[in-house]
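Reader: I would like to learn how to read a few features of a protein model. Please give the general idea, then the case at hand.

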Amino acid sequence: MTETLETAAGDGGAGPRFDGTSSRRLLARLRDIMAGSGSGQERLDKIVTLIAAEMKADVCSCYVMRAGEVLELFSTEGLNKTAVHNTRLRVGEGIVGYIAGHARSVALDNAPSHPSFAYRPETGEDPFQSLAGVPILRGSKVRGVLVIQHKDRRRYVEEEVETLQTIAMVVAELVAQSELVNPVEVTTTGDPVLLPARLSGTAMSAGLAMGLAVIHRPQLTVRQMVAEDADAELERFNAALQTMHSAIDDLLEAASLAGLSEPRDILETYRMFAEDRGWLSRIREAIRVGLTAEAAVQQVQNDTRARMSHLTDPYIRERLMDFEDLTNRLLQHLAGKTSGTDGATLPDDMILVARSMGPAELLDYDRTRLRGLLLEEGSPASHVCIVARALNIPVVQAGDALNRIEALDQLIVDGDHGQVFIRPAEDIQMAFAEAVALQHRKEQMYAEIRNLPSVTRDGVPISIQLNCGLLIDLPHLKASGAEGVGLYRTEIPFMVRASYPDVKAQTDLYGRIMDEVGDRPIVFRTLDVGGDKMLPYMTGGEEENPALGWRAVRIGLDHPSLLRQQLRALLLAAAGRPLSVMFPMIAEVAEFDGARRLVDLELRRLSSQGIAPPSSLRVGTMLEVPSLLWQLPALLPKLDFLSVGSNDLTQYLFAADRGNPRTSTRYDPLSPAMLCVMRRLVDECGRHKVSLSICGEMAGRPLDAMALIGVGFRTLSMSPPSVGPVKTMLRSLDVAALRQYMSGLYTGADHSLRDKLRTFAKDHGVII
Ligand code: PEP
Ligand code: MG
């Protein structure tokens, strides 16, 4: 299936008309070429020349898929001819790789601004602004990509894309008739073993990993079903349960020793499942009626699976996986095996491949050898993924993995783009090895500047803070050199629990977080759930527009006891230490007042009980809902600080769903509209002496962060991996020059200021 993807309206014109008549004429000439003489290569050359001439394109190029999922430039009119058979792109690399990777047509009036744009100097394609490209498809397989490019910005009309698609069908035949490449390379259907292949999936944990496949097969077959002595079986079961508990306790301890607080949290929850009375009593009951311990465990699991299989709720599905994991563990303990992994026989660089996996199973493997994880089932919110992210292990979820991968196959897991290369060709391996090495070099460079001041070239100090949501993120605080935590998202622990954590559990958790952070500042954001992040134990019902729905502080204000409990826990945890709290999704001053009132009620409660209040208390809000922009004079005097949640602010300002790939990148936060909002906030907060920061994703992207500093932001909060790149950028930046440059940008009609700002950075030696 192909789909046309277009960037937002550009400022170029529609270009020369290409209509049905032009299309028919082009196709008639194409028929002549195909009916004429010449080799496959010669005919392809004629085809690209014809397309360029008839479509008045400055460039027409054809890329053909080679073994190993590499797209090779086979023919071009307009690019350097020396690049033919030399330029190669991986699937997923550049716009051509994007078209192949997604089997999707694109028509871009501003190709360099597309997130997948990759500049290849050898082709000399620098000056081309517009690009239309289509996949060359045969059956469901992508055989190559056909593109046209124009120097000027222009919008492609539908006929042009459709004509290219028709021609691509003809070129697909040329490729399939093996006239262009060796037949072996075009018969990859079904991935005969040993041929390279690529699996497209979902990115669940970022990063690149290379290694050998280790197939995780925890299922044990139960051979003996009926037991003669039920009491003896019960005893065996209890003993196995006991050893399983101690094994989980050992894991818990190991996680603590390694400073891994978040896996610890998750394992604790997991242990709770292991003690689930209902589950255990059903197993015991099955043993009492005559089954062996193994058969009883298996039967209860089959039963649970059958009862839950029709439920699609992701939380329930995750719980089902936890029970599957526990079942497998129990079966292993009943069989006398303590661990499913045999360290001695595992490769040094391993990529685990599993249908599904529990967090404890992942931790069973030697972390020093574990490079990546490929799951057939799972979601980013699953426990195993949370643990993997905490351990910096790239994860991709892709169906059919186990059918296509053999043990010890060479694999590359690309957790940034959600793809996996199976038995990759040597050049792909080399390209990835280079990418990994480059990443290491960069990390080394970031480590070198870690203890250097976070100050611009012209002496403006910028505070870099971290966005965290897991205890495991906190060690990054010291490691990254960030000044504090600008945003602590409190919802994650709520989401992995089976019920609402009580005040004591919350107090313990917040206390641990504060201990970990020590003297550095930390801002806790109250629960930001609801909409699509519904807690399983909270009843809300389906919503048509979850992002605009009953979420965040709206829930807290409607159920004050929930918010009060969280505030109470935060106040208790602070116990004489400073505390900063902010509320998400505030849309009006009255909402802030309502939330603030709850803080005051809890403060009074503390003092009536003789408990010490925090040594200092700062209460602020996030600015995510545009309505607040018109209430700043009434709002700001009430605030201790304000933090811009640009992820939601962008979505609400442009009415563009941040979770929908069709709209999430349609508007650019580096647009005059957004930057005007930011400038206004800088001015108003300055006037009211309210400290201002930003904690949306844009603060962590070097070019965006540069613009924010140019607008006047001095505190940026970002995820840990962004600290190095942003600090490198700001240490090379002259703010005064940027301010001057940006003063002329706010009132323009640009769709995006990204190109202009990038040019500024290039011209002024700013490292982005
Ligand atoms: C934001 O909206 O920018 C933000 C930081 O909050 P979240 O991404 O958690 O919605
Ligand atoms: Mg938000």
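Reader: Which residues of α3 are buried?

Author: Buried means under 20% relative accessible area, exposed over 50%, and partly exposed in between, with a 1.4 Å probe and protein chains only. In this predicted model, the buried residues of α3 are Gly94, Ile95, Val96, Gly97, Tyr98, Ile99 and Ala100. Helix α3 spans residues 94-102 and is mostly covered, with seven of its nine residues buried. After α3 comes Ala103, whose phi is positive, near 45°.

Reader: What are the conventions behind these names and values?

Author: Residues are numbered from 1 along each chain as its sequence is written, while chains are lettered from A and ligands numbered from 1 in the order in which they are written. Local features need pLDDT of at least 70, side-chain atom pairs count only at pLDDT 80 or more, totals for chains, interfaces and linings use all residues, and side-chain values use heavy atoms, with hydrogens and water left out. Helices (H or I, at least four residues) and strands (E, at least two) are DSSP runs numbered from the N terminus.

Reader: How many helices and strands does the chain have, and what share of its residues is buried?

Author: There are 28 helices and 23 strands. Of the 768 residues in the chain, 53% are buried.

Reader: At what angle do the axes of α1 and α2 cross?

Author: Axes are lines fitted to C-alpha atoms, for helices over the stretch in contact, and angles run from 0 to 180 degrees between N-to-C directions. Helix α1 (residues 20-35) and helix α2 (residues 40-54) have axes that come within 10 Å and cross at roughly 165°. That makes α1 roughly antiparallel to α2; angles under 35 degrees count as roughly parallel, over 145 as roughly antiparallel, 65 to 115 as roughly perpendicular and the rest as oblique.

Reader: Which residues meet there?

Author: Contact means heavy atoms within 4.5 Å. Arg25, Leu26, Arg29, Leu30, Ile33 and Met34 in α1 meet residues of α2 including Arg43, Lys46 and Ile47.
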